[in-house]
Amino acid sequence: MESEKTTLMILGSYTKPSCSILFLFFTFLTILSLQFSTRSLFPLSILLSQQPQPSLVDPTTCSGFFNNVPPRKIIKSIVDFGGVGDGKTSNTQSFQRAIRYMQRFRGKGGSQLNIPNGTWLTGSFNLTSDFTLFLHHGAVVLGSQDIKEWPIIEPLPSYGRGRERLGGRHISLIHANGVRNVVITGENGTVDGQGRMWWELWWNRTLVHTRGHLLELMNSENVLVSNLTFRNSPFWTIHPVYCSNVVIKGMTILAPLNAPNTDGIDPDSSTNVCIEDNYIESGDDLVAIKSGWDQYGIAVAKPSTNIIVSRVSGTTPTCSGVGIGSEMSGGISNITIENLHVWNSAAGVRIKSDNGRGGYIKNVSISNIRMERVKIPIRFSRGSNDHPDDGWDPKAVPRFKDILISNVISVNSTKAPVLEGVKGSSFEGLCFKNITFLGVALSATWHCEYVAGFTNGVFPLPCPELQNNGTSSWC
């Protein structure tokens, strides 16, 4: 009976429809027709609800990149090494003593360091192999406000200098170099970098060396980071660089939306990286895939490859949900980005490059993206004029090949896509498929420069550079 009443009400009110109702009705018909006229498109549940719908089958996962480790032979608490969780006492020496003790169990059954309920103030400390760092519920690892407890280390070879300042850079709060079989997890414990001190140095232009990360993994393999909250990082929050087989899942990453360069997760010159089921609010990209900076990245030639970003949601008012580049000089390939949900952000998906970068971006699949109130849903950008020194090569232009962006819906976007390629660079296999932008002004048009490719099922119509009448085996 209730459904019959609803039907009669709709029919009864149809005799004198308003313009807004007609607009919504025909918009819905347009989306519905696309749904049935294409082989694959975003589910209609995206239009009908902002909440994820329950599934009868387990979602796919890329967490198999991490090879499970056996239970650790030795389990200790930070209290065993003199730790005091009152939020005031420095525990830097306690963490360093603990790690020195745990190192003796590398290859001998491994070890686990438990952080109990409490607030544990500390400067930077290193991890070791065959090791688990476990934060219990209510545990907070708090970054020291003493800048001397974030020592200066050498710049990354693929960057040639600190990313923000010449010379070295501050070490991360939690640091690992050359380790394997490491787990950083817990019962939703927290690592808080207390980044405001560092942001103010940046805002005041008094920063001497590049800020440190909350967690940096270097030259490491088989690492799992899961089920924790990371907040208030001084700089990029999680930075795996020169790594392989890294899984980052079930994380909550938070920073004030005006906190500078507080990227969520930045895989860099790394292979077999899984980033899934994470919630991120930050003052920069939620996820940014990188591979070195200009001539230094070209010389080191360590690409980022086989990276999967899945089921990531969040907001960033100044940057993008997922960015590729702009530091991409070592090459970026075999990238899958899927099931992304972004709102109140500057961009949804952004590919960044420039003259001098060289390198390549190829074999990229971006699909099932949902956006609300995102200013520019899809953006290719250039021209930042951001180089490490005067040694960059203006003739080193990036190459782009086989980039598929499909099954995208953006509601209440401000602008149509902006696609600015790099003059002299090559595009092969650029494809936009099953994409709808709702709420964009009727006068809004795609802005395209130095790009070429194909489209299929795109509304509103793309720029002429993408209305190629030829055929693409990949599109």
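A residue counts as buried under 20% relative accessible area, as exposed over 50%, and as partly exposed in between. Keep that in mind as we look around this predicted model.

With a relative accessible area of 46%, alanine 301 is partly exposed. You'll find alanine 301 in the loop between helix H6 (294-300) and strand S21 (304-315). Glutamine 194, at 26% relative accessibility, is partly exposed too. Both residues have a positive phi without being glycine:

| Residue | Phi | Where it sits |
|---|---|---|
| Glutamine 194 | about 45 degrees | loop between strand S12 (190-192) and helix H5 (196-203) |

Now for a buried residue. Isoleucine 238, in strand S16 (residues 238-241), has 0% relative accessibility, so it counts as buried. Isoleucine 253 is 15 residues away in sequence, and the two C-alpha atoms are 9.2 Å apart.

Next, a sheet. Six strands form an open, parallel sheet in the order S20-S22-S24-S26-S28-S30. Strands S20 (287-289) and S30 (447-449) each have a single partner strand, so one side of each has no neighbour in the sheet. On average, neighbouring strands here are turned by 10 degrees against each other, direction ignored. Inside the sheet, S26 (residues 376-381) pairs with S28 (residues 418-420) over 2 bridges, and arginine 379 stands opposite valine 418.

Where do cis peptide bonds turn up? One joins glycine 325 and serine 326, with omega about 5 degrees. Another runs from phenylalanine 459 to proline 460, with omega near -5 degrees.

Notes: Residues are numbered from 1 along each chain as its sequence is written. This is a predicted model: local features need pLDDT of at least 70, side-chain atom pairs count only at pLDDT 80 or more; totals for chains, interfaces and linings use all residues. Side-chain values use heavy atoms; hydrogens and water are left out. Two strands pair if DSSP finds at least two bridges between them. Helices (H or I, at least four residues) and strands (E, at least two) are DSSP runs, numbered from the N terminus. Axes are lines fitted to C-alpha atoms, for helices over the stretch in contact, and angles run from 0 to 180 degrees between N-to-C directions. Buried means under 20% relative accessible area, exposed over 50%, partly exposed in between (1.4 Å probe, protein chains only).
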